[in-house]
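Let's walk through this model together, one region at a time. Keep the viewer open and turn to each part as we reach it.

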Amino acid sequence: GNGGGRKEGSIMHFSIPYTSEIADETGKFVAFNIHVNGAAHCAVRYSQLAQLNEEIRRQFASEDLKEFPPKKLKFLKLSVDELEERREKLEKWIQSVSQVQKIVKSSIFQGFFLSAQQEAAQQESEEVAIDLYLCNGNKETLPILSTDQTEDILEDFCRKIKLPDKLIYYFGLFLMKVHDDGTEELVRKVQDFESPYISLRDLTGEYRIVLRTWYWDPRYDDDLLEDKVAVKLLYVQALHDVELGWIRASKQELKQLSALRAKKSKREYLQLLRTIPHYSFVQMLPCTSDFPIANIPTTASLGPHQLILEVKTKTGELKEFNFQVTRMRCWKVVTCGSRMELSFDYLFSKDKLKWVKVQGSQAIFMSVCLQGIVDELLMKRDGMKIKEPTDRVRVTRTLQIKKREILSTSELPELDEP
């Protein structure tokens with residue numbers, strides 16, 4: 001490796017599930033609706049994507065990307081079939097672009113998607129406040145600009161609670177849905193090129209932005225244990241995860257843990273926790289899988305190097321199956337109507353590859369976690385460190401927003417495969 005550098009990952013599924021006809025002061029046009037990790041992000045016209053493509057080609061000439069669909073003569077309107085073909089090709093193109101780390105992290109790409117979200121949401125830049133939560137439900141209200149990107153907000157928040165700069169990117173901001181019965185569902189990690197304020201504003205139901213650690217190897221805890229604020233954050237998260245039953249402590253261990261909690265011995269509590277199964281794992285809400293048999297109720301957890309599927313057999317006993325991330329040839333997320341499915345191609349033995357499918361509302365979040373786990377393995381292999389605020393790309397932009405009106409949208413296809 002090239003020792004000492006820092007590594008970051010692209011954790012994205014781009015899709016363009018449908019088109020809309022939109023009118024603004026320049027007239028009518030067709031917009032392509034881009035979704036990122038299953039959430040609607042923006043609606044852009046062909047010419048905007050064509051310009052992005054030219055800038056990417058200029059700056060990253062050596063990259064092998066899917067072909068950008070060609071321009072048609074100005075005065076010829078595309079037929080329904082031609083439009084559908086263009087949508088498909090644009091989707092393949094944006095998916096190939098989003099696989100290249102250095103493009104995704106570039107200011108061209110980040111600036112484009114930040115501005116596009118702002119434009120689609122018709123959001124001028126204004127002073128607003130946003131609530132950010134810790135795992136225990138405590139919140140801080142932060143004054144921000146409505147168009148601030150995720151990393152600006154993460155850095156402001158961490159500085160407000162006095163976390164040292166070098167530890168900021170051990171954490172991430174996550175979108176969490178709070179169901180009517182109080183169940184919490186982690187939906188996704190908030191992207192670097194989105195404005196969390198706009199993303200929250202456009203959701204119906206109760207959603208929060210929550211701070212959690214964003215690393216998988218528990219050894220990174222050691223860096224946090226040296227700092228008082230970081231210990232507090234880690235402790236609050238640990239209490240939350242233990243309460244939800246994510247960490248599989250025995251009765252005896254639970255007794256020891258509550259004794260340490262009563263004494264407020266945060267560090268000892270965290271050190272004991274590290275010796276317990278499923279520490280450092282994120283558990284998903286109940287889902288179903290096709291392993292070892294079809295439609296079996298499953299609990300999926302993701303953690304260091306692996307995905308664990310815990311299933312209830314006919315006799316009612318719990319069986320655990322461990323899938324090593326390094327043996328997954330690839331994975332994909334597919335939307336079938338309202339159902340989401342994560343499937344991965346797994347190397348069971350030397351020449352036996354087989355697809356395993358997991359269905360549940362958190363399929364996209366699972367895929368984001370898998371990507372995070374893989375990126376961390378690569379980062380360590382290359383001798384790199386978790387990034388710091390000074391390493392990031394800062395995007396400055398000024399945007400005049402044209403007023404838009406959506407006239408119609410094409411049918412949402414049943415099957416959208418990022």
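Which residue just after α5 takes a positive phi? It is Lys162, with a phi of about 65 degrees. Before going further, please note that this is a predicted model, in which local features need pLDDT of at least 70 and side-chain atom pairs count only at pLDDT 80 or more, while totals for chains, interfaces and linings use all residues. Residues are numbered from 1 along each chain as its sequence is written, and side-chain values use heavy atoms, with hydrogens and water left out.

Helices and strands here are DSSP runs numbered from the N terminus (helices H or I, at least four residues; strands E, at least two). Staying with α5, you can pick out Thr150, Glu151, Ile153, Leu154, Glu155, Phe157 and Cys158 as buried. Buried means under 20% relative accessible area, exposed means over 50%, and partly exposed lies in between, using a 1.4 Å probe and protein chains only. The cover over these buried residues of α5 includes β4 (127-133), β5 (139-145), β6, α6 (196-201) and β8.

One of those covering strands, β6, holds Val178. Val178 counts as buried, at 15% relative accessibility. Leaving aside residues up to four places away in sequence, Val178 touches Thr183, Glu206 and Arg208, where contact means heavy atoms within 4.5 Å. Val178 and Arg208 are 30 residues apart along the chain, and their C-alpha atoms are separated by 7.5 Å.

Now to the aromatic rings. Rings of Phe, Tyr and Trp (its six-membered ring) pair if their centres lie within 6.5 Å; planes under 30 degrees apart count as stacked, over 60 as edge-to-face and the rest as tilted. By this rule the count comes to 24 aromatic pairs. Take Tyr170 and Tyr220: their ring centres are 6.0 Å apart and their planes stand at 85 degrees, so the pair is edge-to-face. Tyr170 sits in the loop between α5 (150-160) and β6 (171-178), and Tyr220 in the loop between β8 (207-213) and α7 (221-225), so the pair ties together parts that are 50 residues apart in sequence. Tyr170 is buried at a relative accessible area of 8%, and Tyr220 is buried at 12%.

Phe344 and Tyr346 make another edge-to-face pair, with 6.1 Å from centre to centre and 85 degrees between the planes. Phe344 is buried at 0% relative accessibility, and Tyr346 is buried at 5%. Both belong to a cluster that ring pairs build from Phe291, Phe321, Phe323, Phe344, Tyr346 and Phe348. Phe291 has a further feature to look at: the peptide bond from Phe291 to Pro292 is cis, with omega near 0 degrees. Pro292 lies in the loop between β10 (287-289) and β11 (296-303).

How do the helices pack? Axes are lines fitted to C-alpha atoms, for helices over the stretch in contact, and angles run from 0 to 180 degrees between N-to-C directions. Helix α8 (residues 228-243) and helix α10 (residues 266-273) have axes that come within 10 Å and cross at roughly 50 degrees. That makes α8 oblique to α10, since angles under 35 degrees count as roughly parallel, over 145 as roughly antiparallel, 65 to 115 as roughly perpendicular and the rest as oblique. The crossing of α8 and α10 is left-handed, meaning that the near helix is turned anticlockwise from the far one by less than a right angle (right-handed if clockwise). From α8, Val231, Lys232, Leu234, Tyr235, Ala238, Leu239 and Val242 meet Lys266, Arg267, Tyr269, Leu270 and Leu273 of α10. By class, this contact has nine nonpolar, no polar and three charged residues; Ala, Val, Leu, Ile, Met, Phe, Trp, Tyr, Cys and Pro count as nonpolar, Asp, Glu, Lys and Arg as charged, and the others, Gly among them, as polar.

Finally, two loop residues. Lys264, in the loop between α9 (251-262) and α10, has a positive phi near 55 degrees without being a glycine. Lys264 is exposed at 66% relative accessibility. His305, in the loop between β11 and β12 (306-312), has a positive phi of about 65 degrees although it is not a glycine, and His305 counts as partly exposed at 36% relative accessibility.
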